[in-house]
Amino acid sequence: PVLPLPPPEEQTPATPPHTGPGTPNGTSVDNEGGSDSEGSVDSSRSCHNEKTLPEKLEILTNQGLLPAVKVFVDWLRTNTDIIVMCAQSSQSLWNRLSVLLNLLPDGSKMLEAELDVNAEVKEVLSECEQPTLTQRLLLPEDLALQHLPALQLAHRRLDFTRHRQPLSPLQECVVRLCCIRSFGHFLTSLQGNVLHFNPEAGIFTSVSQSERDDLGQQARAQLRMAEEEARRNRLMRDMAQLRLQLEVSQLEGSLQQPRTQSSMSPYLVPDAAALCHHLPLLRQLAASGHFIIIIPRTVIDGLDVLKKEHAGARDGIRFLESEFRKGNRYIRCQKESGKSIEREKLKRVDYDAWHLYKIMDSCRQLTVSQSAAEEDTAGMVTILTGLHTQDLSTLSTHMQSAVQAVLAAGIELKNILDFYRQWKEMG
């Protein structure tokens, strides 16, 4: 709950079991890193657990990287000189592009499936397998990059002023797939034949592979390459996860000693007031390496509310943006912990009390995540506030209730000045 948001999760197919060397379902891998001369994958032959067209479209609709691929092929389509010049030296790129093309459903199958798309999208589908498809429907990535000089030529036929009914996510996905598939056919028509398309098998292959091998050899080589790519991706993901676990373990180990000696919490959660008025103190606490500063989403929202009136809030926002960008291991952002209807009512009555309750919910996430490894999580987290909480009688009724709820949850609440002074006294 305290780690930076991860990129969208990849759907990596499981590597099928090897049944024996040289067989389509169990080809042995001689080259550990894969060969650049190997071709692409026929998804109908290589997927042992074949998915239906609706299942494929659902996966592709939720895949966050396809818009980037679509922008890339748009740019390449208008820069054919670059493709021709780099055709022979970029076999690895064309091999991987052909793998993707073969995994995408073709236009005829999508038309036969009678998908829930409008007439304009059906017109695009009818041209999907043509190298000359002309895109006229705007996608979110086109709108976002309409002023990018590198794509001006690619966008010349798009009308950004015409008002259209918004496309559903499925319709956007279908248009995107058509643009990418059409680009594959466009590559087969270029001088030098970057890719080759086999109409009988319905697959794209790299020209270097199609010139040397028959279809069976291509399919086996393509299967080997796809399986090796999937294995490598899983290995890299596992290594990254292990590295992150080791880093967290080392951090928590380094924090145990100061915690034992000083009884000061290793996790500090500042509220918006502390960031707004005492940013230099928080900088020192983070730079000491003895604490991990957790910034819940509600604190960032609180700074956003204050930034119009307080220069300190703007400084706090800039500081956090800079640290998140650098990946500071001692300052981490925390995701939203969920909403409570009752709390939302309190927000209108007493914003400060609501803000403290939200921070308390974030702290509970921290203690829950630690409770599996440690029996006692009391004192693990301290909320640093810019408010003076020693005399509760000066606070509102709702604020007094919020402070009592924090303490009852085993979470410490301290004024940031008092906490900083205590830390300095302990050396």
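Me: In this predicted model, which helices are included in what covers the buried residues of H7?
Reply: Helix H7 spans residues 119-126, and its buried residues are Val-121, Val-124 and Leu-125. These residues cover an arc of only 105° around the axis, which puts them on the same side of H7. What covers them includes helix H6 (107-112) and helix H9 (169-188).

Me: Which strands are the edge strands of the open sheet?
Reply: The open sheet is formed by 5 strands with parallel pairing, in the order E5-E4-E3-E6-E7. An edge strand pairs on one side only, and this holds for strand E5 (331-334) and strand E7 (412-415).

Me: Which residue in E6 is the bridge partner of Pro-270?
Reply: Strand E3 covers residues 267-270 and strand E6 covers residues 381-385, and the two pair in the parallel sense over 4 bridges. For Pro-270, the bridge partner in E6 is Leu-384.

Me: At about what angle to E4 does helix H14 run?
Reply: Helix H14, made of residues 297-306, lies across E3, strand E4 (292-296) and E5. E5 is one of the edge strands of the sheet, pairing on one side only. Relative to E4, helix H14 runs at about 65°.

Me: Which residues form one aromatic cluster with Tyr-420 and Trp-423?
Reply: Tyr-420 and Trp-423 both lie in helix H19 (residues 416-425), 3 residues apart, or about one turn of the helix. An α-helix has 3.6 residues a turn, so residues three or four places apart point the same way. Both Tyr-420 and Trp-423 are buried, and they form a tilted aromatic pair at 5.9 Å centre to centre with 55° between the planes. The cluster that holds Tyr-420 and Trp-423 also contains Phe-291 and Phe-419.

Me: At what distance from the ring centre of Phe-186 does Arg-77 lie?
Reply: Arg-77 is placed over the face of the Phe-186 ring. The cut-off for such a placement is within 6 Å of the ring centre, and for Arg-77 the distance is 4.9 Å.

Terms used
Residues numbered from 1 in each chain as written. Predicted model: local features only at pLDDT ≥ 70, side-chain atom pairs only at ≥ 80, totals over all residues. Heavy atoms only, no water. Pairing = 2+ DSSP bridges. Contact = heavy atoms within 4.5 Å. Axes fitted to C-alpha atoms, helices over the stretch in contact; angles between N-to-C directions. Phe/Tyr/Trp six-rings, centres within 6.5 Å; stacked < 30°, edge-to-face > 60°. Buried < 20%, exposed > 50% of the residue type's maximum accessible area, 1.4 Å probe, protein only. Lys NZ or Arg CZ within 6 Å of the ring centre and 35° of its normal. Arc of directions from axis to C-beta.
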